[in-house]
Amino acid sequence: MADKTFIVKIKRQQRPDEAVRWEEFELRWRPHMNVIICLRDIAERPFTREGKESSAVSYEANCLEEVCGACAMVINGKPRQACTALVDDLEKPIRLEPLTKFPLIRDLQVDRSKMFDDLKRTKCWIPIDGTYDIGPGPRMAPEKQEEAYPLSRCITCGNCLEICPKVNADDQFVGAAIVSQVRLFNMHPTGAMHSAARLDALMGPGGIEDCDNAQNCVKICPKGIPLTESLASVNGQVLRHAIKSFFTAPKTIGSAAPEG
Amino acid sequence: MAVAASNSRTSYILDKLQSLSGIVPIGAFLAEHIWSNSYALVSPAKYNDVSSELQQVPWRIFVETAVLWLPLLFHSLYGFYIWWKGKSNITAHPWMSNWMYTLQRWTGLIAFVFIAWHLYTQRYEGHGVTSYADVQQFLTNPWNLTFYIIGLLAASFHLGNGVWNFACKWGIAVSVRSQRAFGLLGAAVGVSFALAGIAIVIGLHYGAFPLGGYVTGGGQ
Ligand code: HEM
Ligand code: SF4
Ligand code: FES
């Protein structure tokens with residue numbers, strides 16, 4: 001019996017400045033295949049459908065269970081994770097393209113450092129290191145933990161940036177993921193001590209005001225993060241912070257009160 | 001970051017002002033404008049009273065400039081800039097909210113063209129003093145009437161969707177449920193403004209006074 005096969009079309013570029021070429025590969029179908037398996041099959045036998053020798057396709061992947069974020073790409077026109085894109089669920093031929101909102105490295109591999117730089121710029125961590133032991137932090141109520149948990153599931157894949165009309169070469173909007181992380185860290189009792197710095201970092205070119213509410217992000221996020229709530233929440237926090245810091249002057253030296 | 005810090009507040013404030021200006025004063029003016037023009041459905045005399053009242057506002061040119069022309073010009077020009085900065089992907093991802101994003105821009109453009117023409121014909125050509133008879137005369141032309149209806153639909157949609165946008169972007173409606181509620185409120189605003197506006201221009205076109213009943217029939 002002849003093997004069942006299917007076609008995968010891949011947008012390829014050796015280097016960012018090289019002309020785009022589309023290559024088609026015919027792959028042998030097996031049960032439970034995902035897009036990463038397709039790319040591995042091609043690496044094993046890099047011949048196009050016409051039998052022309054090609055090369056292994058460049059891409060990133062790590063966890064293979066949708067927790068590292070590395071394998072984001074545009075699959076049949078939608079940005080998503082390759083490791084959870086099952087061949088049986090996809091329309092054939094399967095079209096693979098790199099994310100377009102990040103600098104291309106090669107083939108399906110892009111440089112997502114913008115997101116990591118923005119996470120650093122917006123201080124999306126909880127500072128606990130110091131020169132002496134500052135003791136245990138405040139406790140978090142279980143309800144608060146439950147509110148924070150969904151936000152903590154972000155895998156920095158970048159799909160929400162890819163789908164956003166306001167993330168492009170003319171508008172360096174940080175994107176929903178970063179805004180949602182600011183919300184997460186501002187929610188945390190210790191993290192809240194740096195909320196003013198985070199909110200300041202979200203004001204200005206590329207900041208929260210660049211969100212124009214197309215609300216595409218929430219529909220594409222593979223982790224189901226309530227991004228539109230995060231955007232609205234942080235919008236309010238930045239606004240209150242801006243008004244407060246414009247009109248008021250410090251009154252007490254106490255523990256830094258949570259902003260917003 | 002440090003480099004951006006100096007101009008960061010400016011861009012934040014400009015964006016916020018663009019958003020705010022859509023509601024007050026522009027949205028509020030649209031409400032007032034539809035309200036006072038609704039007198040066209042009452043009687044020509046009442047309509048002329050109300051318009052001449054408005055045409056005799058003290059400091060008229062200053063009031064209008066501060067409350068209307070400058071905010072409208074700023075909202076529109078900055079709105080075009082915001083439009084240009086975004087790259088719509090509606091063909092690839094035709095979701096409802098993405099349509100709203102795209103339509104917000106196109107209805108803004110239509111409103112802009114309409115307002116420019118509306119000002120030219122009613123204000124410049126009418127020298128700032130128009131009466132019921134002038135407007136009715138103007139609206140007997142079916143092309144003028146059609147463009148009015150298009151302009152009213154665009155402005156009403158733009159304001160209705162703007163109410164929803166505003167609630168989300170000022171942190172008023174944070175939860176998904178409240179955003180949906182504001183979506184409904186925006187739809188209600190959009191539909192009522194559109195209906196009222198279209199009723200006015202059609203009333204003028206036909207010279208009909210459906211709301212004049214209590215005036216004429218009320219024992220006067
Ligand atoms: C005349 C040309 C106009 C243009 C080009 C324009 C453009 C825009 C754009 C692009 C937005 C979206 C801003 C954003 O999402 O951040 C917007 C928002 C808005 N516009 Fe306009 N607009 C115009 C006129 C008007 C008029 C006549 C009204 C009054 C009915 C109006 C009311 C609003 C409102 C309420 C918003 C929502 C503000 C927000 O997003 O928070 N606009 N406009
Ligand atoms: S918010 Fe969702 S779509 Fe955006 S980077 Fe995080 S996991 Fe990916
Ligand atoms: S490989 Fe980690 S998310 Fe797909």
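**Exercise 1: A serine in chain B**

Find the place of Ser38(B) in chain B, then decide whether Ser38(B) is buried or exposed.

*Step 1.* Ser38(B) sits in the loop that runs between α1 (2–37) and α2 (44–55) of chain B. Helices here are DSSP runs of H or I with at least four residues, strands are runs of E with at least two, and both are numbered from the N terminus.

*Step 2.* Ser38(B) counts as buried because its relative accessibility is 18%. Buried means under 20% relative accessible area, exposed means over 50%, and partly exposed lies in between, using a 1.4 Å probe and the protein chains only.

*Step 3.* Once neighbours within four places in sequence are set aside, Ser38(B) is in contact with Ile200(B) and Leu211(B). Contact means heavy atoms within 4.5 Å.

A word on the ground rules before going on. This is a predicted model, in which local features need pLDDT of at least 70 and side-chain atom pairs count only at pLDDT 80 or more, while totals for chains, interfaces and linings use all residues. Residues are numbered from 1 along each chain as its sequence is written, chains are lettered from A and ligands numbered from 1 in the order in which they are written, and side-chain values use heavy atoms, leaving out hydrogens and water.

**Exercise 2: Chain B as a whole**

Describe the secondary structure of chain B and the span of its C-alpha trace.

*Step 1.* Chain B has 8 helices and 0 strands, and reading along the sequence gives α-α-α-α-α-α-α-α.

*Step 2.* The C-alpha trace spans about 70 × 35 × 30 Å along its principal axes.

*Step 3.* Chain B has 220 residues, and 43% of them count as buried. Among its contacts between residues at least 6 apart in sequence, 76% join residues at least 24 apart.

**Exercise 3: Chain A and its domains**

Work out which residues belong to domain 1 and domain 2 of chain A, then describe the chain's secondary structure.

*Step 1.* The assignment, which is automatic or taken from a database, gives domain 1 as 5–110 and domain 2 as 113–247.

*Step 2.* Taken over C-alpha atoms, the centres of the two domains of chain A are 31 Å apart. Where they touch, 14 residues of domain 1 are in contact with 14 residues of domain 2.

*Step 3.* Chain A holds 8 helices and 9 strands, and its C-alpha trace spans about 80 × 40 × 35 Å along the principal axes. Of its 260 residues, 50% count as buried.

*Step 4.* Chain A exposes about 12,900 Å², and carbon and sulfur atoms supply 53% of it.

**Exercise 4: Backbone details**

Where does His32(A) lie in chain A, and why does His32(A) count as exposed?

*Step 1.* His32(A) lies in the loop between β2 (21–28) and α1 (35–44) of chain A. Its phi is near 60°, a positive value in a residue other than glycine.

*Step 2.* His32(A) is exposed because its relative accessible area is 74%.

*Step 3.* Now turn to Trp59(B), which is not a glycine and yet has a positive phi of about 55°. Trp59(B) is in the loop between α2 and α3 (60–85) of chain B, and its relative accessible area of 65% makes it exposed.

*Step 4.* Look next at the cis peptide bonds. One runs from Lys92(A) to Pro93(A), with omega near -10°, and Pro93(A) is in the loop between β4 (78–81) and β5 (94–97) of chain A. Another joins Val24(B) and Pro25(B), with omega about 5°, and Pro25(B) lies in helix α1 of chain B.

**Exercise 5: Cavities**

How many cavities of 30 Å³ or more does a search of the whole structure find?

*Step 1.* The search finds 3 of them. A cavity is a set of points on a 1 Å grid over the protein atoms alone where a 1.4 Å probe fits but cannot get out, and lining residues have an atom within 4 Å of a point. A volume is the space filled by probe spheres set on the points, which are joined across faces, edges and corners.

*Step 2.* The largest cavity has a volume of about 140 Å³. It is lined by 17 residues, of which Cys164(A), Cys211(A), Ala214(A), Gln215(A) and Cys217(A) are the closest to its centre.

*Step 3.* The second largest cavity has a volume of about 80 Å³, and its lining includes Cys154(A), Cys157(A), Cys160(A) and Cys221(A).

Key:
1 Å grid on protein atoms, 1.4 Å probe; cavity = no way out; pocket = protein on both sides within 12 Å on 5 of 7 lines; lining within 4 Å. Areas by Shrake-Rupley, 256 points an atom, 1.4 Å probe, with all protein chains shown as cover.
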